[in-house]
Amino acid sequence: MESLNLLFDGFADALTPINLLWVVVGAVLGTAVGVLPGLGSAMAVALLLPVTFSLDPTAAFIMFAGVYFGGLFGDSTSGILLNTPGNSSAIASSIEGHKLAKDGRAAKALATAAIGAFIGGLLATTVVVFFAPVLAQMATLFGPAEYFALAAFAFLAISAVVSDSMIKGLAALGIGLALSVVGVDGPSGTSRFTLGLPQLFDGISIIVITVGLLALGEVISVASRIHRDPNHSQIRPSGRPWLRPSEFKKALPAWLRGAGFGLPFGVIPAGGSEVPTFLAYGTEKKLAQRNGDTDFGTTGSIKGLAAPEAASNATAGTAMGALLALGLPTSATAAIMLAAFQQYGLQPGPLLFERGADLVWPLLASMFIGLVVLLVLNLQFAALWAKLLLIPRHYLYASITVLAMLGVYAISSSTIDLWLLLGIGLLGFVMRRYAFPVAPVLIAVILGPLAETELRRALSVSEGDLGVLVSSPFTITLYIVLAAGLIFSAVQHLRRRKAEAQQQDRELVDA
Amino acid sequence: MRKHPIRRTVYSVAVVVIAALAFVNAASAGGGATARTKLTLMAPASPGGGWDSFARENQQAMRANGVVNNVQVVNVPGAGGTIGLSQFVQMEGRNDMLMVTGGVMIGAIQLADSPETMEDIVPIARVSDDYAALVVPADSPYKTLEDFLTAWKKDPGGTSIAGGSLGSIDHLMTGLVAKKVGIDPEKVNYVAYSGGGEALTAMISGTTTAGMSGYNEVAPQIEAGNLRPLAISAPKPLPDIDVPTFKEQGVDASMANWRGVAAAPGITEEEKAEFVEIMSETRKTPEWQDALERNNWTDSFMTGDELDKFLDKEIRRTKSIVEDLGL
């Protein structure tokens, strides 16, 4: 319980009126950059860094905490309303979230996302407070073989998203893998499909692909039909931002499951929040199929939004724990926050909790305060945000195009990225036109490179010995679970076929 | 709208006036700027990396002491800085822009066969250095550099070394050490990671036999007893760092991860002298001295002919190492 006392001391340091002002400023700024596609919280922290030099450390940390989590609250807002996720961590939330908005429940979807983000962040920060050293050890258990096993596992676990039409799903997966191999290959230095353009050496940014496929693809698709279905020229935002108790009860397990997926992933470098968000989404979809829920993919499922949103913030929370306890930045934002902490004499790393106790506890307390402020802020603004959809479609979608282009240009000020965005947008339009699912493309872009590099690293260290892939308890367990899952679903599939066949026979007999 | 023609006229006049003012302001700001009033520092990397923090520390030191009134940092990430370089080369004659550069860029130029090279820009100053360290996990059987080298020579393929991306200082230094101790650099089993953090877990978890990484990145882990340093790439022993150099241990290899700034091509001699003056003034500020200490950077200030000679040597050496590594 010593941690608890220290944490309360931290709260005492952090909770002053002026610090509360800073956390609000940070939260608003963070949400703003989160909403804009392409602008991430890394950029926001970088820009704020010089501003915070004149503040005392606690005030600066509390502002960073607001920005850090604010970005994650904000990125799903644009995803839900406009199908334009502000960051790759919100891709999975956008799938069902936007369907809810289209169904006229935008305010409700935003509230679900905000509460999900809050729960995920809260659980993760609590875990960090009590188990930071354990988290640090977990991270070191992960070698390339473990990563590869994880990627293979995630591929199959997420296949639920693909399974609507096998062939179309696999085609989309192929498109994603093709996009993901562009760039200079890390292990060997060979350039692949770069057409000799140096701008493509680092590959195609996931932001460009996401914004192109989801936002621009949607815009072109709406534009192509704007005269054909005039009745739907506007999404009617109705309903209150509050969840009914029954809905709350429905969403709660999804939030918790999502957070469960997110927690371990934050600790793993190179994991990022994309994999756990998709795992959470896939699980909810599987569960819904089993329970006979039909709102998935039609009117939008609250659960399908709640789980990935909680997962993404839980990842962010434990990622902060890994940063503090290990000194390992697991994302660009974490890297720049590491630099920021060092400015104030806080050296994240294994010795942090012994040496920097006077700074680290106020920082953890600020994370809690930041989350509460963001929850209040986002619930208040949910109804207001939803009003955005009252803007007539042609204005709204024109501004989405401008914002998408601006956001992508802001990442690396490269015009090639804009052409790519346009090309991928057209691809998104064609895929929509012929009813290809878009999600598998994004999954392939996220998991493909992870699986490839880690497999090659594992084999390079072992000098080509395949045995290394199944040499640790973790990998063996994962592969067993994987095999069991495959057999289970195969048996289920066969049984269902048999049942259907029998039913058909019976119907024939009846007839 | 049609009911209020006057309001509408007033509104459009206001829009025109404000727009006109904005244009005039933008034009004058662009035209009259000199390096002393407004300076743009281009960091050819994304926020959070070494070049970015170098640029931002400089920005801070310049601004706080009025060396330059208004300093901005622009990030142009990609391909080891060569994307930023190719953009910068096109800014001919810009006397209000500096680009951060360093050893990593020379490696990246060689690796990517970039059409733009260091010869296309005007080097202004080398400012600070940091060094790479060879480390092994705490439970590794190799206690000294000699132990490690013996094992490495016996089995270069089975002795994997984790480090930063291909062409980085970590990679080049690994190749250089291999060559100096008589191992074919092409046989080195170097496992490239895209960031320091990722490479660090590979070292701690014992995935690879050893790691070559920026000393500052591994220092906390060394202090906590998770990693053991075997040697550092500095040319001379460093007063604050209790790790012997490669040279002290009989391996004639040293390499600095140096950082500095360069100006766009086509600037006049006076403008170049002004930039050199700005950098010298910045170096003397207390903020910059503080930044050196905080980041564990070694002051290696160098300008003029000395810098040109240094660059010549660096480029030739990098070329030969990259060839030896078989890239």
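This is a predicted model: local features need pLDDT of at least 70, side-chain atom pairs count only at pLDDT 80 or more; totals for chains, interfaces and linings use all residues.
I would now like to look at helix 5 of chain A, which runs over residues 91-102. Helix 5 of chain A has 12 residues and reaches 17 Å from its first C-alpha to its last, close to the 16 Å expected at 1.5 Å a residue. How many of the residues of helix 5 of chain A are buried? The count is 11 of its 12, and the helix is accordingly described as mostly covered; the buried residues include A:Ile91, A:Ile95 and A:Leu100, but also A:Glu96, A:His98 and A:Lys99. After helix 5 of chain A comes A:Gly104, whose phi is positive, near 90 degrees.

Which helix does helix 5 of chain A cross at roughly 150 degrees? The partner is helix 12 of chain A, residues 302-326, and the two axes come within 8 Å of each other, in a crossing that is left-handed. From helix 5 of chain A, the contact is made by A:Ala92, A:Ser93, A:Ile95, A:Glu96, A:Gly97 and A:Leu100, while helix 12 of chain A brings A:Gly304, A:Leu305, A:Pro308 and A:Glu309. By class, the residues of this contact between helix 5 and helix 12 of chain A divide into 5 nonpolar, 3 polar and 2 charged. As a general point, an α-helix has 3.6 residues a turn, so residues three or four places apart point the same way.

One more residue of chain A deserves a mention, namely A:Asp293, which sits in the loop between helix 11 (274-291) and helix 12 of chain A. Why does A:Asp293 count as partly exposed? The reason is that A:Asp293 has 16 C-beta neighbours inside 10 Å, whereas a residue needs 20 or more to be buried and 12 or fewer to be exposed. Leaving aside neighbours within four places in sequence, A:Asp293 is in contact with A:Ala288 and A:Ser301.

Turning to chain B, we have 327 residues, of which 50% count as buried, with 11 helices and 10 strands. In chain B, residues 24 or more positions apart account for 77% of the contacts with a separation of 6 or more. Domain 1 of chain B is made of two segments, 38-129 and 256-324, and domain 2 of chain B covers 130-249. Taken over C-alpha atoms, the centres of these two domains of chain B are separated by 26 Å, and 17 residues of domain 1 are in contact with 14 residues of domain 2. On the domain 1 side of this contact in chain B, helix 4 (103-112), strand 9 (256-263) and helix 11 (304-324) each supply at least two residues, and helix 4 of chain B gives the most, with 6 residues. That side of domain 1 of chain B divides into 6 nonpolar, 9 polar and 2 charged residues.

Note on methods. Residues are numbered from 1 along each chain as its sequence is written. Chains are lettered from A and ligands numbered from 1 in the order in which they are written. Helices (H or I, at least four residues) and strands (E, at least two) are DSSP runs, numbered from the N terminus. Two residues are in contact if their C-beta atoms, placed from the backbone, lie within 7 Å. Domain bounds come from an automatic or database domain assignment. Ala, Val, Leu, Ile, Met, Phe, Trp, Tyr, Cys and Pro count as nonpolar, Asp, Glu, Lys and Arg as charged, and the others, Gly among them, as polar. The expected span of a helix is 1.5 Å times one less than its number of residues. Axes are lines fitted to C-alpha atoms, for helices over the stretch in contact, and angles run from 0 to 180 degrees between N-to-C directions. A crossing is left-handed if the near helix is turned anticlockwise from the far one by less than a right angle, and right-handed if clockwise.
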